[in-house]
There are 2 protein chains.
Amino acid sequence: MKNLNDFNELALGSRLKSLSDRMFADVDALYKSRGIELSSRCFASLLLLRANGSMGITELARQLGQTHSAVSQLSKTMLKAGVIDQAKDPSDERRRLLQITPAGTQLLEHNKDLMDDIEAALRDAIAVTQHEFMAALNGLDQQLDEMSLFDRVKTRENARREKAVEIIDFEPRYRDDFKRLNVEWLEKYFYVEAFDNQVLSNPEEYILEPGGHIFFARLDDEIIGTSSLIRQEDGRFELSKMSITEKHQGLGLGRKLAQRAIEQFKRSDSPQLFLETNTRLTPAIRLYESLGFVHAKPEVESHYQRADVYMIYEGD
Amino acid sequence: MKNLNDFNELALGSRLKSLSDRMFADVDALYKSRGIELSSRCFASLLLLRANGSMGITELARQLGQTHSAVSQLSKTMLKAGVIDQAKDPSDERRRLLQITPAGTQLLEHNKDLMDDIEAALRDAIAVTQHEFMAALNGLDQQLDEMSLFDRVKTRENARREKAVEIIDFEPRYRDDFKRLNVEWLEKYFYVEAFDNQVLSNPEEYILEPGGHIFFARLDDEIIGTSSLIRQEDGRFELSKMSITEKHQGLGLGRKLAQRAIEQFKRSDSPQLFLETNTRLTPAIRLYESLGFVHAKPEVESHYQRADVYMIYEGD
DNA sequence: ACAAATTACGTAAGTACTAACGTAAATCCT
DNA sequence: AGGATTTACGTTAGTACTTACGTAATTTGT
């Protein structure tokens, strides 16, 4: 029969929870056997308050690794039990400073031996395992402080996806994806102009047949991004119709799609590569700048109202 | 500013809880970012069910380190989500066997990469700390399985107390304690007979002046146990009036108090040491046997109705 | 200097559990 | 065999939190 241990790090959360629940239950039972009504959860706060003098709710919450709401509620029980009292912070009227009362200090002192026993019992149980549990825990805590588990997994996910993404040329079966991606982008930042609809519905006629190119980013069997090179009548190329599904942004897909277009431009005999965009799209502009585009004055007026930035590719 | 880390093992429960909460929150967020509505808590159960086939509620609860109630409630959500189904155990009509559905298996398979990422991210975070967190956790888990934290602390508490207990001779200022302890014992097991009250209220007259002895067990400034040697008219000693406060039983105090009485008997010129007790008090009888007392027929009738066992000291 | 943003805290509602109790089926004990 | 005990599970009420939202005081940006 498999148990949680067999799932290694995957079930770590469940196992830590179960372990801490067991500890709290046992420590509560120990306090109760001494006739202490106060829950063991209060003791961590009391120890912090005794060590640090007076503390605000948020401050205490951060130390305990809980929300301020939890501490706010906890403080009520402790106030009622008379082990802490409160005072307004004179320099910040919002803050309620908590501090331990003589009764609270006495409670801690009176049960110092019990707390010593708990500490020693755990230290012993850990010692016989021949592993440095506390140091390992401190290390893990610190690692997750530096970068959360969420961010760590996202980084891995992105790395794995970026590796799995292929940049491919236009194929007729992806015609609908071409329109879908561009409309999604237009509706997010601007609105779909009349000319857009024409081009997006007939990419072969408007882009490929005049000598342009369409590229796709494909993840498994899903098309998640696109870019185009549109050939002008004077032979110049326009980098355009660049769009990446919201879900997969931040993977560096824009750079990949643009780089592929630049390569294509270089292989051609086209005299110039330019693009039009909008000042609002700062991340995109920064990307273009880093790829070797420089700002310039437009030579002819744009097909699109939204365009107010004009850039020319000058190479690296 | 001190934080929970500075309290070492004492605040371990709080720290583990906070760490597991963080993990659950992050993993939940990760699942949610994938559009999975099912809480991450369900996944541990699903993994166990997939690995082990069908399991009963209690069985699953034990593996998860939770109560059967928790699993019973959790199973409802999982049933409603369609990731598990249930069937009566044909060999035990009480048991409800849970098993994973194809939909559940598919959910796990479809998110295998995410689970791999979570596992790998944690493994990495642990690896850079240069500590073997998982091995240390397994070790601590196992230690606490072998003996609970509660029992460990109780053992320490008792050892510390036993060490701190002194066996002392009678002093007039402890006269009230002598009566209190004996009355407590009598009321618990029998009732206070008329002759008891006489003796207990006048220990000097009835016990010490005829050549007897009274011993006390003192913990700090508290008298927590007593025993007496009562000198008979024929010179024999009776081991009697043995009582230990309920709170401090199980510390081996009875043995200490009896041993002190035996020593005193040996130093005297008394021809015999005997005692009277009751068959109901098996732990006490076992103690007397281990100290060298043997069962015998009483030579004279007892002062007390409750006495139905008579023992004589024969040495080791 | 003053609106906007942030911070500190409280409250209400929801979640995930436990403790305590109850019921039904199985097992144990002569 | 049949009463006593144990085991498996469900339900209810309570606990310890969180999330979400609101208010008031403080800080920031220009």
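The centres of domain 1 and domain 2 of chain A, taken over C-alpha atoms, lie 55 Å apart in this predicted model. Domain 1 covers residues 4-152 and domain 2 covers residues 161-313, with bounds that come from an automatic or database domain assignment. Residues are numbered from 1 along each chain as its sequence is written, while chains are lettered from A and ligands numbered from 1 in the order in which they are written. Local features need pLDDT of at least 70, side-chain atom pairs count only at pLDDT 80 or more, and totals for chains, interfaces and linings use all residues, with side-chain values based on heavy atoms and with hydrogens and water left out.

Which parts of DNA strand D lie within 4 Å of the protein? Sugar or phosphate accounts for 59% of those atoms, and bases for the rest. On the phosphate side, an oxygen is 2.6 Å from a side-chain N or O atom of Thr58(B). On the base side, an oxygen is 3.1 Å from a side-chain N or O atom of His68(B), and a base oxygen is also 3.1 Å from such an atom of Ser69(B).

Methods
A residue is near a molecule or strand if one of its heavy atoms lies within 4 Å of it. A polar contact is a pair of N or O atoms within 3.5 Å; within protein, one must be able to donate a hydrogen and the other to accept it, and residues adjacent in sequence count only if both atoms are side-chain atoms.
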